[in-house]
Amino acid sequence: MGLFPRERAEIAPGAVHVPDWLGLDEQRRLVEACREWSRPPAGLRATRMPNGSVMSVRSVCLGWHWTPYRYSRSTEDGSPVKPFPDWLGELGRRAAGADYRPDIALVNYYDAGARMGMHRDADERSPEPVVSLSLGDACVFRFGNTDDRGRPWTDVELRSGDLFVFGGPSRLAYHGVTRTFPGTGPEIGLRGGGRLNITLRVSGMD
Ligand SMILES: O=C(O)CCC(=O)C(=O)O
Ligand SMILES: [Fe+2]
């Protein structure tokens, strides 16, 4: 933490940034879990977009596997998606309230050059919020509007341990990661550096 404490802020209606929400030990536990989830089968891989390009972020899914633009129970190579663990649901309830029942986790790994373009999380069939946890290097998280990829937007610096929840009128807002700040993460076992982001979501499917 720096000289000036960072404060909880409502970035848009229904979108809240909570700095330093996770303690260092919790961050380490999550990094270790991400390492396990990253292993094949159904491990970390780069997602290929319909236009043939490959995302710079590498990701692994729990519960439901996301490929643009739908969810399924198996990965591109036919491996069953890893289960969504109960303890992660508990963490989600701590973030978003006692009734929250996430059944999807998307884990994204950003190396120094990775970015994520402006998009909406619109493939879930539930209006329940998205819970986002950040680990490792800080980044610029661009939180936009629900109409299009352009302005207005707010750039928020997300650091290791920060929570960001977007729901309600902001559930379908465009957002993205314009850059990371290599080498800024704390000692939480993220070997080789980089940034991890975990989003929890409710699929609305069974
Ligand atoms: O990395 C982040 O902070 C955002 C990730 C994201 O928007 C997503 O996984 O859909
Ligand atoms: Fe997203």
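**Figure 1. Residue classes in the shell around ligand 1.** The shell around ligand 1 comprises five nonpolar, five polar and one charged residues; Ala, Val, Leu, Ile, Met, Phe, Trp, Tyr, Cys and Pro count as nonpolar, Asp, Glu, Lys and Arg as charged, and the others, Gly among them, as polar. The model is predicted: local features need pLDDT of at least 70 and side-chain atom pairs count only at pLDDT 80 or more, whereas totals for chains, interfaces and linings use all residues. Residues are numbered from 1 along each chain as its sequence is written, while chains are lettered from A and ligands numbered from 1 in the order in which they are written. The residues around ligand 1 (C-beta atom, placed from the backbone, within 6 Å of the ligand) are Leu-106, Asn-108, Met-116, Asp-121, Ser-132, Phe-141, Leu-158, His-175, Val-177, Asn-197 and Thr-199. At least two residues of this shell come from each of strand 7 (104-110), strand 13 (175-181) and strand 14 (195-201); strands (E, at least two residues) and helices (H or I, at least four) are DSSP runs, numbered from the N terminus.

Figure 2. Strand 10 (residues 138-143) pairs with strand 11 in the antiparallel sense over five bridges. Cys-139 has Leu-158 of strand 11 as its bridge partner.

**Figure 3. Strand 12 (residues 163-166) and its two partners.** Both faces of strand 12 are covered, with Leu-163 and Val-165 buried on one side and Phe-164 and Phe-166 buried on the other. A residue is buried if 20 or more other C-beta atoms lie within 10 Å of its own and exposed if 12 or fewer do, with C-beta atoms placed from the backbone. Strand 2 (residues 15-18) pairs with strand 12 in the antiparallel sense over four bridges, and strand 9 (residues 130-136) likewise pairs with strand 12 in the antiparallel sense over four bridges. Phe-164 is the bridge partner of His-17 and also of Ser-132.

**Figure 4. The two sides of helix 2 (residues 86-96).** Leu-88, Leu-91, Gly-92, Ala-95 and Ala-96 are buried in helix 2. They cover an arc of only 115° around the axis, which puts them on the same side of helix 2; the arc is that of the directions from the helix axis to the C-beta atoms. Exposed Asp-86, Trp-87 and Glu-90 lie on the face turned away from the buried side of helix 2.

Conventions
Pairing = 2+ DSSP bridges.
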